[in-house]
Amino acid sequence: MLASIIAAGLASGAIYALVGVTYNTMFSTSRVMSFTAGQLAMLGGLFGSMFTLKLGLPLILGFLLTLVCCAIIGIITEFIAVRPVLKNLDQHLYVLSTLAVALMIQQVAAIKWGTEPQPFPRLLGLGSGVWDEKFWLPVLACVVTILGLEYLYRRTLVGRAFLAIAEDNFAARALGLPERNLRIASYALAGIIGGVAGYAGGELLLAFFANGALLNFYGFVPVALGGLGNNRGAIVGGFALGLFQQAANFLVGGIFSSVAVFTLFIVVLLAAPQGLFGGATARRV
Amino acid sequence: MAVVTTSPERSDAAVPDSGTWRAALTHAAPFFGMLVLALLLPLVGNDYWALIGTRMAIYWVLVSGLNLVVGFAGHLAIGYVALLTLGAYTTSVLVAGNVMPAVPVFPALAVAAVVGAIFGVIVGLPALRLRTFYFAMSTLGFATIVTQIALAWQSVTGGGIGIAGPEFPAPFNTAWGFYFLCVGIATFTTWLSANVARSRYGRALIAVRDAEVAAEATGISKPKMLIAIFLLAGACAAVAGGLFASLQTYITPDAFTFDLSVLFFIAILIGGRGSIMGPLLGTIILTILPEIAAPLAAWSTFLYAVLLLVIVLVMPGGIAALLDFRNRKPLASNRAIVPRPAALADIVRRRTGDNALALRGIALSFGNVKAIDGLDLDVAPGKIHGLIGPNGSGKTTTLNVISGYYAAKGGTMTLGDDALPPGMPALRAARGIARTFQTPRVIGEASVLQNVMIGGTVEGRATFVESLLALPRNTQDERMLAGKARALLGVVGLDGLADVRADRLQHSELRFIEIARALMLDPDFLLLDEPAAGLSGDEIDRLGELIKAVSARGTGVLLVEHHADLIFDICHQITVLNLGRILAAGTPAEIRVHKEVVSAYLGG
């Protein structure tokens, strides 16, 4: 029993963590929390199911096409919902504009793929029981993504430019960094990370349009736990949330595990508004 | 409906009151028009229209409460369908009696209102400390889990099979009977929300939304305000849920899609923030839209989303801004601010106490920078104390310590014999300390008069419930605040602009609005942060006269300023700061010849 709780907890935790990283990737270059994060993961599942199962494309090709499509959605989000509202960031219009895009994505998905969960292909056919691939694939995807991001941020010029913009947008622009292009790139990157989350979690969550709203929330909880823009916090928070949810599921039953997660979310926000790993507040007066 | 909240000014309140009734009527007339149209609907429509009309009324019951949260307080509650669901199931389960003995439908509706109010607050808790995205997320999360629970808790909710909605007794059991019941309840909630919107609580909500820091300085307690409207909005939503369940006759979790949430939320944004008529029209339009465009019904959420995007990007003011004809008229371009300080005597109580504001050894550092380092300062009643020094010398920081935005790390502050606790800016107004800000913090979307009235929020005596029901004490508060605010606008020379939206004014006028707002408190101490910045020479002279008149009424003034002429002209005492320390202190004559001050700051 314990083994299955841990397996399911780590698997869903990895998906939540990846969605959290998707939020953070968009936030780092634009200071915008975008409602499209969960939708991107939802699309990862739907595109994966469509390319591999319906169109019968080879696994690798289907996977790559999924990521490309998600990256394009990410870029479109930047163009229509983020760029126009960046001028008055303090009015928080991005909440509305990204919500609008997220709703459009969700509605189109519901009409195109139906409102019932669609089957997701068995990718490798490896493992069974608690070692089934549907449990370890998301964890593997999460680890690979973290390593990839670490490499990007630490070893490549583009990655360092990302960090510079996240640290101090004005100073980075004064240095001549192409802020706008980097922002577009970060939205594409966020699309890819979201796509990976949805694809790797496809066997667990199925290809289902309503996963978007669900992952929006469950992916945001780790961000709130870890502090905005803090990837390490999001990953720790994601796995903690997954395990907590599965443990609650086992202990108090399915009805109340989501209540437990929601209560945890509210309590943490009230106790540590900046997240458990977050920084200090900005100057107000 | 809204007319009840605005009684005519009495003529002895030194206010020109002609036309107040007319103004109130103009406000209320559109609502009466809508009500008449709603009552005439049975004459023209069949049962199909009864259904649409009922749905509209039910949605509006929810939206009228939610409007206070979204439109007035500016909190983006996107998952309010959850509270509708909660109300629907609570009413249905109580009436069906599958858990406990069956309850008649009206008491069940009342219980649902209480449950909705409680959950409205729980969902809103993150909004008390955090803004925007967090609250949006908590409402979204709540919406997600409520549906899951409704599906999973089969013994109570019937799970996916569902449960019968409550039936109302005669005469509400026919299509039109039920329609009239819903219209009646909708009229009542409109009245409630209009009462709140037009009371000091409604203004305080907008103040917290658009000028939170200034709102704190006027003593507005954000948590209390928000909890009150979350209770109201939650109750409205749950009552709407009970009616909705009855309209549906049978409810399953599928009936409460997230699309409904989107409809409620977007109706408010299309309508425009800070308006009641706008969201009402928005609700009607969005309810009818899928009916007249039936082939598009499947795409309705997509259309709502497109509308949302268009509104955000193209017309953030919504319908209300389109209907705001009054603020289209151009303002005179050559207007001058001519304060009439003499009129102060009629408005502001004369201070008689001799409590001084005293700071001893105040120290505060940001990281390694010592912003203030051992500051002693006394502001005596009826005196003007100038605080000058180069940029970064700690002048504004000192004001922020006094008004509680920063908690000093060392030293003491006393007001008379009482210690002034560090931090807690919202408690300063009650202690008689008012202030203005270096950059005017004014609510652009509110009228000049409303902006000034906000300064007197702590003077009001009516409780939230009294305001909600427009009881006499609220009417007295409103009359008192409006009269005083108009009189103070006369004092600062802006009485001609009382009804203009504040964001249409010039910078110098905003500075005088802030002074009028601060004077609403009858402050014992007035802290002015560079009030002359951006003013013309004439205006600075008039400002000086005004400040002198204020202090002559017994108010102690602490004046941070860079205009040396103004300082030396009107101050009784001057303290010169440099790098957080006192460089010199004394009378203007002493400071003018102080060697270090002249070389460090004044020049020459």
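Trainee: What do the buried residues of α12(A) pack against?

Mentor: Within chain A, they pack against α10 and α11 (231-252), and from chain B they meet α4 (105-129) and α5 (133-152). Keep in mind that this is a predicted model.

Trainee: Which residues of α12(A) are the buried ones, and what makes a residue buried?

Mentor: They are Ser257(A), Ser258(A), Val261(A), Phe262(A), Phe265(A), Ile266(A) and Leu269(A). A residue gets that label if 20 or more other C-beta atoms lie within 10 Å of its own.

Trainee: How do you know what span to expect for α12(A)?

Mentor: You take 1.5 Å times one less than the number of residues. α12(A) has 18 residues, which gives an expected 26 Å, and the distance from its first C-alpha to its last is 26 Å too.

Trainee: Which helices of chain A supply at least two residues each to the side that touches chain B?

Mentor: α4 (93-113), α10 (211-226) and α12 (254-271) of chain A. α4(A) gives the most, with 11 residues. In total, 33 residues of chain A are in contact with 36 residues of chain B.

Trainee: And how does that side of chain A divide by class?

Mentor: There are 26 nonpolar, 6 polar and 1 charged residues on the side of chain A that touches chain B.

Trainee: How is chain B split into domains?

Mentor: The domain assignment gives domain 1 (61-256), domain 2 (258-292 + 300-323) and domain 3 (341-444 + 524-602). The C-alpha centres of domain 2 and domain 3 of chain B lie 47 Å apart.

Trainee: Why is α7(B) said to be largely enclosed by the rest of the structure?

Mentor: Because 17 of its 23 residues are buried. That helix covers residues 175-197 of chain B and reaches 32 Å from its first C-alpha to its last, close to the expected 33 Å.

Trainee: What makes Asp132(A) partly exposed?

Mentor: Count the other C-beta atoms within 10 Å: there are 16 for Asp132(A). Buried needs 20 or more and exposed needs 12 or fewer, so a count in between is called partly exposed. Asp132(A) sits in the loop between α4 and α5 (133-155) of chain A. Asp132(A) and Ala7(A) are 125 residues apart in sequence but 9.0 Å apart in space, C-alpha to C-alpha.

Trainee: How do you know that β11(B) and β12(B) pair?

Mentor: Pairing takes at least two bridges, and these strands, residues 573-578 and 581-586 of chain B, have 5 in the antiparallel sense. Val576(B), for instance, stands opposite Ala584(B) in β12(B). The two strands form a hairpin with 2 residues between them.

Trainee: What makes the phi of Leu579(B) worth a remark?

Mentor: Phi of Leu579(B) is near 50°, a positive value in a residue other than glycine. Most residues other than glycine have a negative phi. Asp522(B), in the loop between α20 (507-519) and β9 (525-529) of chain B, also has a positive phi, near 50°. With 18 other C-beta atoms within 10 Å, Asp522(B) is partly exposed.

Trainee: Which peptide bond is called cis, and what is its omega?

Mentor: The one from Ala170(B) to Pro171(B), with omega near 5°. Most peptide bonds are trans. Pro171(B) lies in the loop between β1 (163-164) and α7 of chain B.

Terms used: Residues numbered from 1 in each chain as written. Chains lettered and ligands numbered in written order. Predicted model: local features only at pLDDT ≥ 70, side-chain atom pairs only at ≥ 80, totals over all residues. Contact = placed C-beta atoms within 7 Å. Helix = DSSP H or I, 4+ residues; strand = E, 2+ residues; numbered from the N terminus. Nonpolar A, V, L, I, M, F, W, Y, C, P; charged D, E, K, R; others polar. Domains from an automatic or database assignment.
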